[in-house]
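Here are a few notes for you to read alongside the coordinates.

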Amino acid sequence: MFKIKKDNFNNLSAVTILNPNLGIEVQIIEEFGALVNKYIVNHSPFSFISGYQNCDDLMHQHPFFSRSAKLFPFPNRLNLGHYQYNQQSYQLPANFPWSDHAVHGLVYNQPFKLIDSQASEQHAEITLRFSTQDLDQSSLHSGYPFGFQLDIQYRVEASGQLSCSTQITNLGDDTMPMGDAWHPYFTLGCPLDNCTLHMPACLELEHQHDLPTGQKTAYDAFSSPSSLEGQCFNHCFEFGSNQSVELTLQRQDGLAQLTFQQGSGYRFVQLYTPDSEPSIAIEPMTCPADAFNNRIGLIELLPNQTISLAWQCHARYSNPSE
């Protein structure tokens, strides 16, 4: 039987989905961006999502790693925080100390609230909401003067599959520019050199100074499962429209595997490998960096319009004791 437990991540409210018999544990920190902080299946001795150990780790490391952050209304970078929309100029701050750009949107550290939960023998799910209607001011920032509501539903199956459905609604009277993404770091409990990656053939976006140039080249280095030994990523890739995309990360010893699937609404993926830990960020994105300016993949949501986006990941762990 699945259980949903309201608890705390130090002084931040959190929700944990548990199934002790199946060895499943998924922790979401609702009060800090609704981020997924832990993903354990079949009693795995590690979390498939590399998370934070405590609040001090979160507050001091978050600007650098943004682990599992929800990136809205734009992913990645916005060139010097400046953009124009409908003949108006807007400015957002350079919010991280390592960049002159606005980075990772506006909700990565915002408090969400739990609005629904249910648990059964076969699954459990929770829905978390952030709405600008709950703010004291009309918008989250003057540099993004648009009212919106985000509903994020996390669902965990008895098989260990974790899925996420996001509904974004324009609450304002004007068309709203937007992009959406997720920023997880996946690990299989071993060095990446001991893992393979499978990713369909796609296009790689050329970047200069962390921003797309508009140039694209064909990329198929992982169109069949290939070793990650010696690989360093900070690259953005584009897939065909109306195409669901599946990537598979697997240990060479066969003990663990993670299959990640992003729905057709996420046409882009960013791969990133940090130097300091054996993880890989696989980031589903509706658009690449600076979409408010280059308009690549930019979504323009009409007043009262709602868009739905989805991803899922299925972790498998072969417990040696079984």
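This is a predicted model: local features need pLDDT of at least 70, side-chain atom pairs count only at pLDDT 80 or more; totals for chains, interfaces and linings use all residues.

**Notes on packing and backbone**

1. Leaving aside residues up to four places away in sequence, Met199 is in contact with Tyr219, Phe222, Ser223, Phe237, Phe239, Leu247, Val269 and Leu271.

2. Met199 also belongs to the largest nonpolar core, which has 79 residues. Together with Tyr39, Phe48, Tyr144, Tyr154 and Leu162, Met199 touches the most other members of that core. Strand β27 (residues 306–317) supplies the largest share of this core, namely six residues.

3. The bond between phenylalanine 72 and proline 73 is cis, with omega about 10°. Proline 73 sits in the loop that runs between β5 (69–71) and β6 (77–78).

4. Serine 68 has a positive phi, near 55°, although the residue is not glycine. You will find Ser68 in the loop between α1 (55–65) and β5. Is this serine 68 buried or exposed? Serine 68 counts as buried because its relative accessibility is 1%, under the 20% cut-off.

5. Glutamine 87 is another non-glycine residue with a positive phi, here near 65°. Its place is the loop between β7 (82–85) and β8 (88–91). With a relative accessibility of 81%, glutamine 87 counts as exposed, the cut-off being over 50%.

Methods
Residues are numbered from 1 along each chain as its sequence is written. Side-chain values use heavy atoms; hydrogens and water are left out. A nonpolar core is a set of buried Ala, Val, Leu, Ile, Met, Phe, Trp, Tyr and Cys residues joined through side-chain atoms within 4.5 Å. Buried means under 20% relative accessible area, exposed over 50%, partly exposed in between (1.4 Å probe, protein chains only). Helices (H or I, at least four residues) and strands (E, at least two) are DSSP runs, numbered from the N terminus. Contact means heavy atoms within 4.5 Å.
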